Amino acid sequence: MTIQVFNPKWYFQSRLGPRSQLIVDELFREYISNENNFRQPEDWNCNVQSSWSNKPDDSAPYGEWLDVIRPIFDKFIEEVGAKTDIEILPMNAWVSKYNSGDSQEAHDHCDPTNNLSMVYFHTLNDDDGCVFKFVNNEHGHLTSQGLGVLNTPSQPMTVPDVKQGDVIIFPSHYLHLVSPHRGTKTRITISANFNLVPAQQLAQDAGQKD
């Protein structure tokens, strides 16, 4: 007999090639250098400068960036598979800048308008102690019931081993956080939310509008 695992959580990780990383850097260089594009969002319980806004930011090159990222999504769909033809619709995107001492609290991107989220790790410093973590909110139930004394596969956190240029894609309802930045080099991530829908549903919706 052995321990069996069911309903596993997942995330997809890939990496942009060097040339694509340079293209993204060129696309965002001017935008990132303009401090007027960043602020501390009022509804975020953390300390980080972000371009997050409920309104589309037409000054950011998100469209061109998504064109560069598109092959990553193709790899994702190819690897995970799909039961029907699907479309991945971009809903919003933003840039976050973490300076020394900055972090982001545990949160999710769960929203009726999106079900898939992505983070592109634009600028990292490997020794700053700042990491992206998925939070397992079921682990607390195990420990509160006294089952934390068992060496079961459940862990409170999962930390993807990411490097500069990496991309991770995950379901929007996953809790995640960014631990405090301990370095001097600004950490920069570009995030986005998407709505993954069956192509047939899109066609039906379009027909109803007509």
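User: Happy to look at this predicted model with you! Buried means under 20% relative accessible area, exposed over 50%, and partly exposed in between. Is Lys97 buried or exposed?

Analyst: Good place to start! Lys97 has a relative accessibility of 8%. The cut-off for burial is under 20%, so Lys97 counts as buried.

User: Which residue does the side chain of Lys97 meet in a salt bridge?

Analyst: Lys97 lies in strand β3 (residues 86-98), and its partner sits in the loop between α1 and β2 (49-50), so the pair ties together parts that are 62 residues apart in sequence. The N to O distance is 3.0 Å. The partner is Glu35.

User: How many residues apart in sequence are the parts that Asp166 and Arg15 tie together?

Analyst: The side chains of Asp166 and Arg15 meet in a salt bridge, at 2.9 Å from N to O. Asp166 is in strand β8 (residues 166-171) and Arg15 in strand β1 (residues 12-15). Asp166 is buried at 5% relative accessibility, whereas Arg15 is partly exposed at 41%. The parts they tie together are apart in sequence by 151 residues.

User: In which helix do Asp25 and Arg29 lie?

Analyst: These two form a salt bridge, with their closest N and O atoms 2.5 Å apart. They are 4 residues apart, which means a separation of about one helical turn. Their helix is α1 (residues 18-33).

User: What is the accessible area of the nonpolar surface patch formed by Leu147, Val149 and Leu150?

Analyst: One of its members, Leu147, lies in the loop between α3 (139-144) and β7 (157-158). Leu147 is partly exposed, at 36% relative accessible area. Together, Leu147, Val149 and Leu150 have an accessible area of about 290 Å².

Technical notes. Residues numbered from 1 in each chain as written. Predicted model: local features only at pLDDT ≥ 70, side-chain atom pairs only at ≥ 80, totals over all residues. Heavy atoms only, no water. Patch = residues over 30% accessible without salt bridge, like charges linked within 9 Å, V, L, I, M, F, W, Y side chains within 5 Å. Areas by Shrake-Rupley, 256 points an atom, 1.4 Å probe, with all protein chains shown as cover. Salt bridge = Lys/Arg side-chain N within 4 Å of Asp/Glu carboxyl O. Helix = DSSP H or I, 4+ residues; strand = E, 2+ residues; numbered from the N terminus. Buried < 20%, exposed > 50% of the residue type's maximum accessible area, 1.4 Å probe, protein only.
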